[in-house]
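User: I have a model open and would like to go through its architecture with you. Could you start with the sheet?

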Amino acid sequence: MPELPEVETIARHLAPMLTGQTIARVEVLWERTVAQPTLDAFRAALTAARVLEVGRRGKFIQAALSTGQTLLIHLRMSGKFVVSTNAPADDPHARLRLQLGNGTWVVYIDPRKFGRFYLVDDAREVTGVLGPEPLSADFTAEWLTAQLARRRGEIKRLLLDQRFIAGLGNIYVSEALWQAGIHPQRVAAGLTPAEVQRLHAAIVAVLHEAVSNGGTSLEDRQYVYPGGGLGQHQKHLRVYDRAGEHCPRCGYAVERIVQGQRSTYFCPVCQRQSPR
Ligand SMILES: [Zn+2]
């Protein structure tokens with residue numbers, strides 16, 4: 001599933017193609033792609049709207065429109081965009097198509113059909129429940145220290161909770177915990193002040209590095225750029241998807257465990273169960 005670096009990269013690719021353009025035509029091919037409002041209201045409100053700005057909040061792409069509304073898109077498991085100046089080729093997984101005023105087609109393709117579009121008057125109707133952005137000034141070591149002190153759950157599962165921090169997912173939580181030297185099953189409130197400082201720095205560093213590498217394209221190729229290119233951060237992963245390979249820090253074999261039905265990768269030497 002795309003996480004902050006992948007969604008950020010897609011938004012940055014879409015922004016120059018969409019910004020300033022009018023949406024001339026809206027075709028919904030899989031009705032449930034539109035989560036909000038009704039299909040007719042979605043088509044009517046989007047048609048003739050101009051895109052003012054394209055950005056990201058958490059794992060949502062968000063586009064501000066001339067109508068005052070915001071279009072939010074969550075890609076979930078397998079959503080991707082293809083942008084072309086020609087009429088789009090028939091794709092059995094195409095779920096929604098927008099034609100822009102300059103003739104360009106923006107096609108939303110989603111084999112697993114979990115991705116959703118929301119057209120709302122106020123973006124907070126959808127994103128209001130999200131925690132702070134980890135690359136914003138709101139995300140400080142002090143904030144993290146205060147929040148973790150009250151949390152009894154496992155640190156890895158807490159960091160995946162979008163209401164706690166927005167944008168992190170399985171890949172970057174594993175990478176940040178490895179970088180900080182924290183075992184993924186540690187109780188959040190049990191982290192030492194030094195560990196929380198390291199975790200804060202690791203989350204920010206891992207996300208910045210992944211954004212600069214254009215995100216992570218795994219072998220399933222679910223994440224590709226709107227132009228068809230691939231992210232490059234998979235070449236820089238230290239533990240994620242690397243079970244049995246050598247930890248780049250200590251050389252011990254990376255292990256995989258399951259937490260909350262998701263794979264967690266970690267180094268049992270660098271990431272101890274007890275504080276250090
Ligand atoms: Zn190690």
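Analyst: An open sheet is formed by 5 strands in the order β2-β9-β5-β4-β3, with mixed pairing. Strands here are DSSP runs of E with at least two residues, helices are runs of H or I with at least four, and both are numbered from the N terminus; two strands pair if DSSP finds at least two bridges between them. This is a predicted model, in which local features need pLDDT of at least 70 and side-chain atom pairs count only at pLDDT 80 or more, while totals for chains, interfaces and linings use all residues. Residues are numbered from 1 along each chain as its sequence is written.

User: Changing topic, where does α1 lie?

Analyst: Helix α1 lies across β3 and β4 and runs at about 175 degrees to β3, where axes are lines fitted to C-alpha atoms, for helices over the stretch in contact, and angles run from 0 to 180 degrees between N-to-C directions.

User: What span should α1 have?

Analyst: The expected span is 1.5 Å times one less than the number of residues, so the 15 residues of α1 (residues 4-18) should span 21 Å, and the 20 Å between its end C-alpha atoms agrees with that. Just after α1, G20 takes a positive phi of about 90 degrees.

User: Which residues of α1 are buried, and what covers them?

Analyst: In α1, the buried residues are L4, P5, E6, V7, E8, T9, I10, A11, L14 and L18, where buried means that 20 or more other C-beta atoms, placed from the backbone, lie within 10 Å of the residue's own. Their cover includes β3 (51-57), β4 (60-65), β6 (80-84), α6 (170-180) and α7 (193-212).

User: How is the protein divided into domains?

Analyst: There is a domain 1 (4-127) and a domain 2 (141-266), with bounds that come from an automatic or database domain assignment. Their C-alpha centres lie 28 Å apart. The contact takes 17 residues from domain 1 and 19 residues from domain 2, counting residues as in contact if their C-beta atoms, placed from the backbone, lie within 7 Å.

User: What supplies the largest share on the domain 1 side?

Analyst: Helix α1 does, with 8 residues of the side of domain 1 that touches domain 2.

Technical notes. Buried ≥ 20, exposed ≤ 12 C-beta atoms within 10 Å, placed from the backbone. Contact = placed C-beta atoms within 7 Å.
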